[in-house]
Amino acid sequence: MRLAIDESAAAQGFSSPNPPVGAVIVSPDGDIVGRGHTQPPGGLHAEVMALRAAGADAVGATAVVTLEPCDHTGRTGPCTAALIDAGITTVCFAVEDPNPAAAGGATTLRSAGLTVVDGVERAAAESGPLRAWLFRQRHGRPLVTVKLASTIDGRIAAPDKTSRWITGPQSRSRVHRQRALLDAIVVGTGTVLADDPALTARTDDGDLRPHQPSRVVMGHRAIPPGARVADGTAPLQHIRSHDPAAVLDALDEALWVLVEGGPSIIGAFLAAGLVDEIDAYLAPMVLGAGAASVDIPQITTLTDAHRFTLTAVDALGDDVLLRLSR
């Protein structure tokens, strides 16, 4: 199952709005004879990809899958039928499918005489690449992560507006790896006008990564024709609203959204109760003045603060990453 979870990572970002699933076929002798992950929408599911890799070795084998095999016909046929037809005798999966339209695979497989084992490494699968898809199934909206990159006193720019670079190369490299897994990056028109960000996912060498998230700009001001977000290297969506809920509603197929700023946009998402986690990158630097990382004017007392739980602390060169969850 750990191998299946690792395999599913290759689908993250590419498979949306479908779940990023991984599958492994194990022969009766315990050999790995096939691996596969979900293809982009309209393409094959993980189980079928793994079965194709296994070929005739799938007969009598065990299929290990991160999500309960689907039992419905959508863009492709049911994976339950593919597993039965291939001669699989045992299916192990980690997480039951919460989508009523696709659920029921375990029952169908058992009815066909297959042995089915569920809940294998469930916690690891739920916290892995499936995490954002499961969140959307349960809450009806994307998982929202806020990214903060600031000095230790919470500043993102000096009084003269200089802001590049506050955090170091290891922090920036991690952000770009994360972007390659996302469905959308949200910023305000103010950030586009002030910083002209590209909002792309790039390698350490500056090359574009295979998957690029949609670039979402919220606000009423026009995006300049020469802005880097409009260069065509990734999809661009301009949502003329200051309402975070309206933005998420417009991203109706997104699973995981990163809110990158500016301060008033991050503050609006926090005030709306639509921030699920925060990645706070802190540089070993003190400015003492300049723009703050978050702006929520309506908060005037400590009891109104938005509180989060610290889930991890990572050292990235000289920077520290605090990972927080609601």
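Q: What does aspartate 279 form a salt bridge with?
A: Aspartate 279 pairs with arginine 323, and the closest N and O atoms are 3.8 Å apart. A salt bridge here is a side-chain nitrogen of Lys or Arg within 4 Å of a carboxyl oxygen of Asp or Glu. This is a predicted model, in which local features need pLDDT of at least 70 and side-chain atom pairs count only at pLDDT 80 or more, while totals for chains, interfaces and linings use all residues. Residues are numbered from 1 along each chain as its sequence is written, and side-chain values use heavy atoms, with hydrogens and water left out.

Q: Where do aspartate 279 and arginine 323 sit in the chain?
A: Aspartate 279 is in strand β12 and arginine 323 is in strand β15 (residues 319–325), so the pair links distant parts of the chain, 44 residues apart. Helices (H or I, at least four residues) and strands (E, at least two) are DSSP runs, numbered from the N terminus.

Q: Is aspartate 279 buried or exposed?
A: Aspartate 279 is buried, with a relative accessible area of 2%. Arginine 323 counts as partly exposed at 29% relative accessibility. The cut-offs are under 20% relative accessible area for buried and over 50% for exposed, with partly exposed in between (1.4 Å probe, protein chains only).

Q: How many salt bridges does the structure hold?
A: The structure holds 13. One of them joins arginine 131 to glutamate 277, with the closest N and O atoms 2.8 Å apart. Arginine 131 lies in helix α6 and glutamate 277 in strand β12, so this pair ties together parts that are 146 residues apart in sequence.

Q: What else is glutamate 277 in contact with?
A: Leaving aside neighbours within four places in sequence, the contacts of glutamate 277 include Leu143, Val144, Thr145, Val146, Trp256, Phe308, Leu324 and Ser325. Contact means heavy atoms within 4.5 Å.

Q: And glutamate 260, which residue does its side chain meet in a salt bridge?
A: Arginine 179, at 3.0 Å from N to O. Glutamate 260 belongs to strand β11 and arginine 179 to helix α7 (residues 169–179), so the bridge ties together parts that are 81 residues apart in sequence. Both glutamate 260 and arginine 179 are buried.

Q: Back to α6. Which of its residues are buried?
A: In helix α6 (residues 131–139), the buried residues are Ala132, Trp133, Leu134, Phe135 and Arg136. Their cover includes β3 (62–67), β4, α5 (122–126), β6 (143–151) and β11 (256–261). Just after α6, glycine 140 takes a positive phi of about 75°.

Q: How is the protein chain divided into domains?
A: Into domain 1 (1–130) and domain 2 (141–325), with bounds from an automatic or database domain assignment. The domain centres, taken over C-alpha atoms, are 34 Å apart. Between the domains, 6 residues of domain 1 are in contact with 9 residues of domain 2.

Q: Which residues touch the most other members of the largest nonpolar core?
A: Ile25 and Ile88, in a core of 50 residues. A nonpolar core is a set of buried Ala, Val, Leu, Ile, Met, Phe, Trp, Tyr and Cys residues joined through side-chain atoms within 4.5 Å. Strand β4 (residues 90–95) gives the largest share of this core, 5 residues. Domain 1 and domain 2 both give residues to this core, so it lies between them.

Q: What is isoleucine 88 in contact with?
A: Beyond its neighbours within four places in sequence, isoleucine 88 is in contact with Ile25, Leu51, Ala58, Ala61, Thr62, Ala63, Leu83 and Leu114. There is also a second, separate core of 24 residues, which includes Val144, Val146, Met218 and Ala254.

Q: New topic: where is isoleucine 299 found?
A: Isoleucine 299 is in the loop between β13 (291–292) and β14, and is partly exposed at 29% relative accessibility. Apart from neighbours within four places in sequence, isoleucine 299 is in contact with Asp304, Ala305 and His306. Alanine 271 is 28 residues away from isoleucine 299 in sequence and 9.0 Å away in space, C-alpha to C-alpha.
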